Amino acid sequence: MNPLPLTPLPSRGISPGKAILFGEHAVVYGEPAVVLSLDIYTTVEVHEATGGTDHRFQGDSGAWRRNPYLQEILGKGSSPPAGHLDVRVRSQIPPASGLGSSAALVAPLTAILRAREGPVDRGTLARESFLAERAAQGVGSPVDTTAVTAGGIVAVGPPGREGEDLWTIPAVEGKGPWTVRRVPDPGWTWVVGYTGVPKQTGRTVNRVRQRLQETDGPELLAAFGSLARAGEDALRRGDRDAVGQCMERNHALLVRLGVGHPRLDQLVGAVRPHVAGVKITGAGSGGSILALPRPGSELAAARAIARAGGLAFRVRPPPQGVRVEPLPR
Ligand code: PMV
């Protein structure tokens, strides 16, 4: 994939959002997942700070220490920046919505800092962004940071499946490695709906770990895995109905896992008449749904979500992931 070019400061990094189509939670345990990047964006601008004795975040010196991601990247990461930086972030992605807001901050900021030194290989960027996000969150798989770095649609999972390999993320603390493959985009418009209930990934992942210790845990994980593989194959064939059916089955598995929420149920119920399939996306217990509308029903699906009190976005995977561009000095 195209590397990011050498870009001295001041510069701007732009990242898409993401939605997990198949395999959330199970991907943490080595099962495959399929992830869409989304054309809703976070923009990060970095200038060298003139004067002052600390980095500035949103114009406030010291505020970066209260943001776990900035703390990780500016304070502890593998190459903390020399000199003080002025970091400004604007985002269309609601925080804690399951739509990739943290990956869309971590990946472009990491890219900006790296691109000051030379061209940045996307596999390296995905690996470093994953490690920073995981260190800040304490848990997690590389799916979010990989999807926003790659753009388009990707499959992330154990090595060995056919397809165009983009890169591999090495194992961390006994989890992984994860091979990342490109999945061709069939060109559909999707609809996501945020419940307005912030999800808490760390807490939900820990609850799921306990749930998976019950007797049906291994069977549940295997079902997630075979569904992600069947869903990926359906996507490659451009078979909308089959993708929709796999989404519905994935949703039912997430409910069995215990990550449903009454607000998710409301949005799912409201959008269902307009879709080939709909599911919880991301950690769940709040957060968002992802729907695949029937052709021509994209607006009706978005309206149904809005009428049920959700924040709806009509989205497509942008072909390009994170990019960095110079700003005028
Ligand atoms: O809701 P999100 O965007 O934090 O997605 C979490 C996805 C999980 O599979 C539950 C955890 C992970 O890091 O893969």
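Buried means under 20% relative accessible area, and exposed means over 50%. At 16% relative accessibility, Ser-285 therefore counts as buried. The structure is a predicted model.

**Backbone angles**

Most residues other than glycine have a negative phi, and most peptide bonds are trans. Some places in this model depart from that pattern, and they are described below.

Ser-285 is one of them. Its phi is near 55 degrees, a positive value in a residue other than glycine. Ser-285 sits in the loop that links strand 10 (275-281) to strand 11 (288-293).

Glu-173 also has a positive phi, near 45 degrees, and Glu-173 is not a glycine either. The loop between strand 7 and strand 8 holds Glu-173. Is Glu-173 buried or exposed? With 67% relative accessibility, Glu-173 counts as exposed, because the cut-off for exposed is over 50%.

Pro-177 lies in the loop between strand 7 (164-169) and strand 8 (178-183). Glu-173 is in the loop between these strands too.

Another cis bond runs from Leu-9 to Pro-10, with omega near 0 degrees. Pro-10 belongs to the segment before strand 1 (11-22).

**The angles side by side**

| Site | Angle |
|---|---|
| Leu-9 to Pro-10 | omega near 0 degrees |
| Glu-173 | phi near 45 degrees |
| Ser-285 | phi near 55 degrees |

Notes: Residues are numbered from 1 along each chain as its sequence is written. This is a predicted model: local features need pLDDT of at least 70, side-chain atom pairs count only at pLDDT 80 or more; totals for chains, interfaces and linings use all residues. Side-chain values use heavy atoms; hydrogens and water are left out. Helices (H or I, at least four residues) and strands (E, at least two) are DSSP runs, numbered from the N terminus. Buried means under 20% relative accessible area, exposed over 50%, partly exposed in between (1.4 Å probe, protein chains only).
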